[in-house]
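Visitor: I would like to learn how to read a structure feature by feature, with the general idea stated before the particular case. Could we take it slowly?

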Amino acid sequence: MSQFDIIVAALFSIVVLAAGLAFAKLSSGSGTKSFFAGGGAVPWWVSGLSLYMSFFSVGTFVVWGSIAYTDGLVAVAIQSTMCLAGVIIGFLIAPRWNKTNVMTAAEYIGDRLGENTKTIYTALFLLSSMVGMGGWLYPVGKIVEVSTGVPLEMAILFLAGFILLYAVVGGLWAVLVTDILQFVVLSAAIIIVVPLSFAQVGGISGFVEQAPERFFNLTNSEYNIGFMIAFLIYNTVFIGGHWGYVQRFTTVDNPKSAQKVAWLFAALYLFSPIVWMLPPMIYRIMEPDLSGLANEGAYMLVSKAVLPAGILGLMITAMVFATASSVNTVLNISAAVFTNDIYKSLRKSASEKHLLTVGRISTAVLGVTAIGSAFLVEQLGGIVNMILSISAIIGGSLFMPPIWTLFSRRQTAFSILTVTFISLSANIGLNFIPETIIGLSLDRSSQMLFGVFFPMALLLAFELLYIFQNREDLRMKHYDSIYKTKHDEKLAIVEEASEENADNRATTIIGTSIAVVGVLIVGLGLLAPHSQITVISTGSIIILAGALLVAPTLKTKFK
């Protein structure tokens, strides 16, 4: 990576940071409701793009890029299950979350199942979040270290500091707008690298003719139909229940908008997997001899092979931003959970101004904790795989029970906690206790299916038991009363947000920032030693998109 590439990466990072900081005032408007929930009236398309980017990480390039290099279209088929998951969530789960009228999933659990249950779930979520953020920071720190020569520890500190700066100052709005800019930068980088990669192998026809046998099959022996079904169910539960993603459904103004959030996510995953996975697939033709762990670097290698100076810096920035999006999403929701669901319950008389300060401090403290977790990854070699295993384990156990309560008035705190702890214990046993002790070993598909269907079976057993007993949870009358009160409060907050024209201000900042990104890409095209037309055209399209966003707000302003 040249000095010019580093300068390019720095420039795009500054634009993203400035856009995030521009939301400092907007995020402080109505206290924690603005800082953690965007005033309850975030535009659905903003939330949808943020949900899409929040699901990205460096693993998209490393893990899926590796599978695309070795197995071809199988990687596309796996990621396409996320499209189906988004459709299901849009029809069933997203509108239900929005109707709860809460700021966080933890708040809903407290309302529906009681404070003790909320405390237990909050502890489990925060623990998994700290480990997860450390696991995300570490690999992207490695990319920066390998690309620039900056020591790993310094790279992690810089990245975390960058994320913390706009997350602490700008809150959810900063997270949302930086997600959108990260989406733009990532899309631009991929749009540029795909045609340049095709040019190296004789175009699309050359790629098809030279592809290995079975390279265009959608399944294989390892990633079979069973795995695809398991992955679809897992992602439906994970995206529909992870507290960071739930926030994208609860911060829009109504259930219809929540549906649109999920369906935008689904639409993007209908088309994007083939585009994202083409570069490492094409690199299989360019360099067919990668083996072992070397194929995990296929995305970086094809980028280095085809991108002109400066554009490689854009690609590195895109990879870094993809992971930054995952980190800032979990960071914001974790701070929201601590402030709204722990601290506020202890200091009921705390003012909104005081809670806003606590929210910013907790964001910083949680970020520092994540840095510590990232530093431990290298010392405890192999823990990244363990983190991924833990994520798979907790998906069904931690997130499915609350989703079930969205549809059932019978489940109780006892049934939900019982299902959570039994399924967690069973999954941990199957994944981490040696086969020689438990006498059972499951393949990847079976592990994922068990992780989802076992808690589902337990929940169904409790549901049938309560139906047989003709029993409804005794807390439901209390919850109905809370629901009505919060419904009225949300209507008032959404109306206030509308009166303040928060939507217009946000759109203006987003559109302007997108146009600036486009200008920078056009500048890179003018300086590029080759592929100028591709780069300049991409930048011009981005400028036009930014202008189209800003134009309606300018018309309103000058009327």
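Visitor: Let us start with a helix, then: in α1, which residues are buried?

Guide: Bear in mind throughout that this is a predicted model. The general idea is that an α-helix has 3.6 residues a turn, so residues three or four places apart point the same way. In α1 the buried residues are Asp5, Val8, Ala9, Phe12, Ser13, Val15, Val16, Leu17, Ala19 and Gly20.

Visitor: What span should the 19 residues of helix α1 have, at 1.5 Å a residue?

Guide: The 19 residues of helix α1, which covers residues 3-21, should span 27 Å, and this agrees with the end C-alpha atoms, which are 27 Å apart.

Visitor: Turning to charged side chains, how many salt bridges does the structure hold?

Guide: Side chains of opposite charge can pair when their charged atoms come close. The structure holds 5 salt bridges, and one of them joins Glu213 to Arg214, with the closest N and O atoms 3.4 Å apart. Glu213 counts as exposed because its relative accessible area is 66%, where exposed means over 50%, and Arg214 is likewise exposed, at 58% relative accessibility.

Visitor: Which residues are linked in a network of salt bridges?

Guide: The network links Arg409, Glu472 and Asp480. Between Arg409 and Glu472 the closest N and O atoms are 3.0 Å apart. Arg409 lies in the loop between α16 (383-405) and α17 (413-432), while Glu472 lies in the loop between α19 (444-468) and α20 (476-499), so this pair ties together parts that are 63 residues apart in sequence. Arg409 also meets the side chain of Asp480 in a salt bridge, at 2.9 Å from N to O.

Visitor: Which residues form the nonpolar patch on the surface?

Guide: Val87, Ile88, Phe91, Leu92, Trp263 and Phe407 form the patch, and together they have about 530 Å² of accessible area. Helix α5 (residues 74-99) gives the most to the patch, with 4 residues. Leu92, which is found in helix α5, is partly exposed, with a relative accessible area of 46%.

Visitor: For a contrast in reading, is Ile416 buried or exposed, and which residues does Ile416 touch?

Guide: Ile416, placed in helix α17, counts as buried because its relative accessibility is 0%. Leaving aside residues up to four places away in sequence, Ile416 touches Leu113, Tyr121, Pro401, Thr405, Gln411 and Leu459. Ile416 and Leu113 are 303 residues apart in sequence, yet their C-alpha atoms are 8.7 Å apart in space.

Visitor: Finally, what does the side chain of Thr538 reach?

Guide: Thr538 is found in helix α22 (residues 532-557), and its side chain reaches the backbone oxygen of Thr534 at 2.8 Å. Thr538 is buried, with a relative accessible area of 7%, and, not counting residues up to four places away in sequence, Thr538 touches Ala188, Ile191 and Ile192.

Methods
Residues numbered from 1 in each chain as written. Predicted model: local features only at pLDDT ≥ 70, side-chain atom pairs only at ≥ 80, totals over all residues. Heavy atoms only, no water. Patch = residues over 30% accessible without salt bridge, like charges linked within 9 Å, V, L, I, M, F, W, Y side chains within 5 Å. Areas by Shrake-Rupley, 256 points an atom, 1.4 Å probe, with all protein chains shown as cover. Salt bridge = Lys/Arg side-chain N within 4 Å of Asp/Glu carboxyl O. Helix = DSSP H or I, 4+ residues; strand = E, 2+ residues; numbered from the N terminus. Buried < 20%, exposed > 50% of the residue type's maximum accessible area, 1.4 Å probe, protein only. Polar contact = N/O pair within 3.5 Å; in protein donor to acceptor, adjacent residues only side chain to side chain. Contact = heavy atoms within 4.5 Å. Expected span 1.5 Å × (residues − 1).
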